[in-house]
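This is a short walk through a few places in the structure shown below.

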Amino acid sequence: MIAGAGGVGKTTVAAAVAVRAARSGARTLVVTVDPARRLAAALKIQDLSDEPKPHPDEPNLWAAQLDSSASWRAVAERHADPEVAHRLATNEFFQAAADHFPASQSYAAADQAATYVQARAWDLVVVDTPPSGGGTDFFTAPAQMADLVGGRLLRWITGGPLPGRRFLYNRAGRPVLKIADAVLGSDLLQRVSEFLLDLRTTYDGVARRGREIERVMREAVIFVVTTADPAPMHEAVRFYRDLPGVASTPDAVIFNRSLPEEWINPDGDFPPDVRQIVELWSAETARQKDFRESFSSRYGATVASIPWTSRPPTSLDDLANLVRNGSGIPWDALGISL
Amino acid sequence: MLDDRLVIVSGKGGTGKSAVAAGLALVAQRHGLRVLAAEMDASGGLSAHLSTSELAFKPRQVLPGLHAMRVVRSEALLEYLSLQLRIPGIGRFGGGVARSFDALSTAAPAIREIITIGKLLWEVKQDRWDMVVLDAPPTGQLGSYLRAPRSITELVPTGRIREQAEWMAGTLVDPEITRLVLVTLPEELPTSETMETIGWLEVEQITPPPLVLVNRVLPPLTVAKRPQGVAGEMVELHSAQLTEQKTWLETLPGDLTLPYLFGLFTPGEVSAHLSDLLEHLD
């Protein structure tokens with residue numbers, strides 16, 4: 001699982017790790033979300049779907065793309081009986097719930113990723129986790145989903161034990177509902193409650209599937225990708241703080257766009273035009289080094305680095321080169337021997 | 001920008017929108033305006049860039065004239081129910097009402113967003129502030145907030161909340177009040193996301209046209225002769241990045257650019273520096 005804030009290059013890192021693993025002989029599937037055009041071209045996945053396809057030029061490499069707009073709608077429908085499934089499919093609140101429920105996209109992605117792992121067709125499945133509301137969404141989604149479907153929200157609306165459908169037509173005695181009626185008009189709350197009741201019938205199936213997904217997550221190796229910038233670092237810290245409680249401790253933090261330490265105050269007598277550039281990048285390199293070191297000492301993290309290359313990777317060779325020897329990626333955690 | 005009453009700062013994740021929001025708030029504060037800076041999630045980006053501790057729902061003074069807050073939905077809702085709707089006895093079962101609404105808002109379109117955006121627009125209406133600066137959700141989630149007032153008017157046929165939603169939609173689209181700033185980077189994915197956002201904003205007309213701020217633009221330095229060794233590598237990276245950035249700068253409307261800040265360590269340093277730069281842009 002490749003986790004991290006948006007915009008730090010998670011997809012590139014996932015692809016690089018997968019290419020190198022495939023070249024070491026492991027049958028590898030890389031699962032990406034919304035890759036940049038050039039990366040998609042390198043992976044030959046411009047028209048990929050969630051159906052894994054073998055890479056034409058790389059014998060052990062498969063690629064698939066998660067549908068970032070997929071929702072748990074399909075998952076919930078899968079676990080409902082036909083009549084309820086039909087009501088859910090046509091329910092006006094379903095899309096709203098999918099949009100609002102913070103874990104819904106993450107749940108669909110986690111479900112898909114777990115399916116690949118359970119297929120046991122690959123030695124390694126590298127999952128580029130989708131950008132989310134933040135932090136550990138992707139990892140907590142199964143539990144949150146079961147909680148939503150399980151009627152917790154419904155209990156809050158009704159303020160008590162789960163009612164039958166008929167109860168919802170008679171809520172004169174409940175001040176909470178009276179207020180909701182006053183604010184929103186009388187039938188909205190009832191329509192939402194009916195929807196949640198239907199959803200609740202899928203609970204057993206969703207909870208069972210959720211436990212399976214969680215099992216896959218707990219066994220996963222997690223790499224947290226960041227750049228040495230304050231905002232993504234803040235997110236990386238949250239992963240190190242929060243993940244041990246919900247999945248497992250990350251196995252490494254990977255600093256993307258790293259500059260080599262010999263760039264700090266290089267020796268030499270430079271002409272003024274060169275000196276200007278050297279001073280800027282020397283300061284940037286020093287800052288990066290400081291960030292990496294403070295992270296590793298604070299969290300005891302294994303630190304790996306991916307170089308800041310002049311051009312974005314456009315071929316499998318470019319990708320493999322990003323994680324060449326010396327990058328610090330703990331390959332043994334992935335069961336890969338190079 | 002100092003005349004704007006509400007400045008909404010959004011952008012793809014990782015483009016530096018919290019730093020820009022903090023920088024703008026600091027510029028306004030230096031000009032003697034009474035400023036409220038607000039964030040909408042618990043990521044702590046805004047508070048870090050204002051060099052202050054975690055923010056709460058109640059605005060707290062960060063600098064003379066500058067207050068900061070975080071919009072907490074449950075508290076915004078309780079405040080709304082008691083102040084705006086003047087529902088009697090709300091304190092007695094307030095917590096229950098807030099939880100029920102939260103539950104309801106999971107499934108009902110626009111309820112969740114209207115509560116948050118409503119609180120901010122209510123602050124804009126107050127005489128207490130000359131400017132409200134919002135560190136808004138990233139562009140991927142921005143639409144559901146900006147669309148919420150209109151969605152509510154479609155969902156709720158009559159009554160007070162509908163009137164308020166109409167007022168909110170009118171405020172958001174009023175160029176005398178609202179300015180939307182999109183922060184982006186001269187890179188492939190931030191550029192395409194920004195262009196998409198500009199596209200749907202133009203179609204939907206829910207805010208005035210956005211101001212695009214391109215962050216982390218490298219200085220156009222070149223050398224007469226490429227040096228050997230490490231310095232040569234630095235020059236090569238700089239020149240390759242300049243070429244790459246040029247492609248995306250040509251695609252973006254690029255109303256304004258902010259330079260790459262080399263070697264700055266803390267979020268506070270970054271926003272202080274940005275505020276100096278923004279001051280001169282204005």
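In this predicted model, helix H7 of chain A passes helix H11 of chain A in a left-handed crossing. H7(A) covers residues 137–149 and H11(A) covers residues 203–219. Their axes come within 9 Å and cross at roughly 165 degrees. Angles over 145 degrees count as roughly antiparallel, and H7(A) and H11(A) are therefore roughly antiparallel to each other.

The residues that meet can be listed helix by helix. H7(A) contributes A:Phe139, A:Pro142, A:Ala143, A:Met145, A:Ala146 and A:Val149. From H11(A) come A:Tyr203, A:Val206, A:Ala207, A:Gly210, A:Ile213, A:Glu214 and A:Met217. Sorted by class, this contact of H7(A) with H11(A) holds eleven nonpolar residues, one polar and one charged.

The next stop is a single residue. A:Val192 sits in helix H10 of chain A, which spans residues 186–200. Is A:Val192 buried or exposed? A residue counts as buried if 20 or more other C-beta atoms lie within 10 Å of its own; A:Val192 has 28, so A:Val192 is buried. The C-alpha atom of A:Val192 is separated by 9.5 Å from that of A:Phe94, although the two residues are 98 apart along the chain.

On H13(A), the contact is made by A:Val274, A:Ile277, A:Val278 and A:Trp281; on H9(B), by B:Ala231, B:Met234, B:Val235 and B:His238. Seven of these residues are nonpolar, one is polar and none is charged.

Note on methods
Residues numbered from 1 in each chain as written. Chains lettered and ligands numbered in written order. Predicted model: local features only at pLDDT ≥ 70, side-chain atom pairs only at ≥ 80, totals over all residues. Axes fitted to C-alpha atoms, helices over the stretch in contact; angles between N-to-C directions. Helix = DSSP H or I, 4+ residues; strand = E, 2+ residues; numbered from the N terminus. Parallel < 35°, antiparallel > 145°, perpendicular 65-115°, else oblique. Left-handed = near helix turned anticlockwise from the far one by under 90°. Contact = placed C-beta atoms within 7 Å. Nonpolar A, V, L, I, M, F, W, Y, C, P; charged D, E, K, R; others polar. Buried ≥ 20, exposed ≤ 12 C-beta atoms within 10 Å, placed from the backbone.
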